[in-house]
Amino acid sequence: MNIKSNISRFKNSKDGKTLASNMVYLSLLQIASYLFPFLTMAYLARVLGVERLGTIGFAAAIIMWIQTIADWGFNYTATREVAQNRDNPEKVSIIFSKVLWARCILALVSLAVLAILVAIIPQFRQDALIIFFTYLLVPGHILYPDWFFQALERMKYITILGILFRFVFTISVFVFIKEADDYIYQPLLVSFGYLCSGLVAMYFILIRWKVKLRAIPLQDIWLTIKGSTNVFLNNLMPNLYNSFSVILLGTFCTKAHTGLYDNGKKFTTLSNTAMSVISRVFFPFLSRRIDKHKFYSIFTLSIAAVVSLVLVISAPWLVPWYFGAEFAGATPVLQITAPAIFFVAASEVYGTNYLIVNRYEKTMRNITFASSLLGFAISFPLVLNFQHIGAAIVFSTSSFASALLSYIYYIKIKTK
């Protein structure tokens, strides 16, 4: 009776209503996250083929490092700070301005480093055009500060812009990509969508909500970057086994192997993206109400377990039916990586949404560092000897290590 009473009070409270509203918009965004890519992935697989998709995946893996640098962990630290100061408009404006200018500086530095790498690495130079086109995603992400909407718990705006972007991109794919050589348009279309969504987002933030864009001294920008370094390292390290495996495949194997891995993992990636939205919805809420963590953990892990199991069982017919016979070799990739949906969700539950919420950034950094180094160490023998299958094993093994360590530290801190 007491439990029912507590649930009833929570549902009728301001926090409960806000969380329920965000979950409704989250559900709509989840549907869009699955529906629109579902319409385009099969089409692109048949029109572009495994090698062209491998080239796209190779470029995306490189830009993933750049994007992580430009984000620098602000999607968690800045979200937490704005969520805790959202009733102070001046403080919110200063936080927003610091993060925006910091990300712009980091993006420019990253672009300079990327240009040097393209000039000196033959494989990068060969795919230079698509790499730079894919880089346009970075300014698009900067202009579209979804972390800010998340911090204010206004998921409605992320949902509307997200659905609009995905709809326009889906239509554009069918209009502009007609043959294999049109693969170059794919990153351009994605980037254009983010840029347009970013301009709309800035309108709401700066005009409608009257957040002031302040001139920030370089010293303060540097302190902002320094303050998010632990979370940045936590976000960067998974690239040592995730996108690095794709770069190894594209450099030492073939683009076909890259395509099989990248597309075999697509359903896992989509599922992880959907699960991460749940994590992001709860993050600002848990920053204020950590006592609700148990409910969040049961809710999230139950969904992740079901999705993982369904994908493992359905992979043998799902992959060739969806992508075509040319991608049949990607079936074991999905079966190996699908359990990582549960592992990644567990890392979010016990790591990001517990350790970081409680300001154990260094602990989370060490966990990610250890699991990423493990993935980095095993990626060379596994990828070079087993190609796309090896890359899948690297991904799931590292994800499991991160989940296990996050849970161990969660128990240690919880029982102090």
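1. Lining of the second largest cavity. In this predicted model, the second largest cavity is lined by Phe 96, Val 99, Leu 100, Arg 103, Ile 142, Pro 145 and Trp 147. Helix H4, which spans residues 89–120, supplies the largest share of that lining, with four residues.

2. By class, six of the residues around the second largest cavity are nonpolar and one is charged, while none is polar. Arg 103 is among the lining residues, and arginine is counted as charged.

3. Volume and number of cavities. The second largest cavity holds about 40 Å³ of space. Under the rule applied, the model has two cavities of 30 Å³ or more.

4. Packing of H12 and H19. Elsewhere, attention may be given to a helix pair. Helix H12 (residues 229–236) and helix H19 (residues 361–414) have axes that come within 8 Å and cross at roughly 20°. H12 is therefore roughly parallel to H19, since angles under 35 degrees are classed in this way. The two helices cross in a left-handed sense.

5. Residues at the helix contact. On the H12 side, the contact involves Asn 230, Val 231, Leu 233 and Asn 234. Their counterparts in H19 are Glu 361, Lys 362, Met 364, Arg 365 and Thr 368. Sorted by class, the contact of H12 with H19 comprises three nonpolar, three polar and three charged residues.

How values were computed. Residues are numbered from 1 along each chain as its sequence is written. This is a predicted model: local features need pLDDT of at least 70, side-chain atom pairs count only at pLDDT 80 or more; totals for chains, interfaces and linings use all residues. Side-chain values use heavy atoms; hydrogens and water are left out. Axes are lines fitted to C-alpha atoms, for helices over the stretch in contact, and angles run from 0 to 180 degrees between N-to-C directions. Angles under 35 degrees count as roughly parallel, over 145 as roughly antiparallel, 65 to 115 as roughly perpendicular and the rest as oblique. A crossing is left-handed if the near helix is turned anticlockwise from the far one by less than a right angle, and right-handed if clockwise. Contact means heavy atoms within 4.5 Å. On a 1 Å grid over the protein atoms alone, a cavity is a set of points where a 1.4 Å probe fits but cannot get out, and a pocket is an open set with protein on both sides within 12 Å along at least five of seven lines; lining residues have an atom within 4 Å of a point. Grid points are joined across faces, edges and corners, and a volume is the space filled by probe spheres set on the points.
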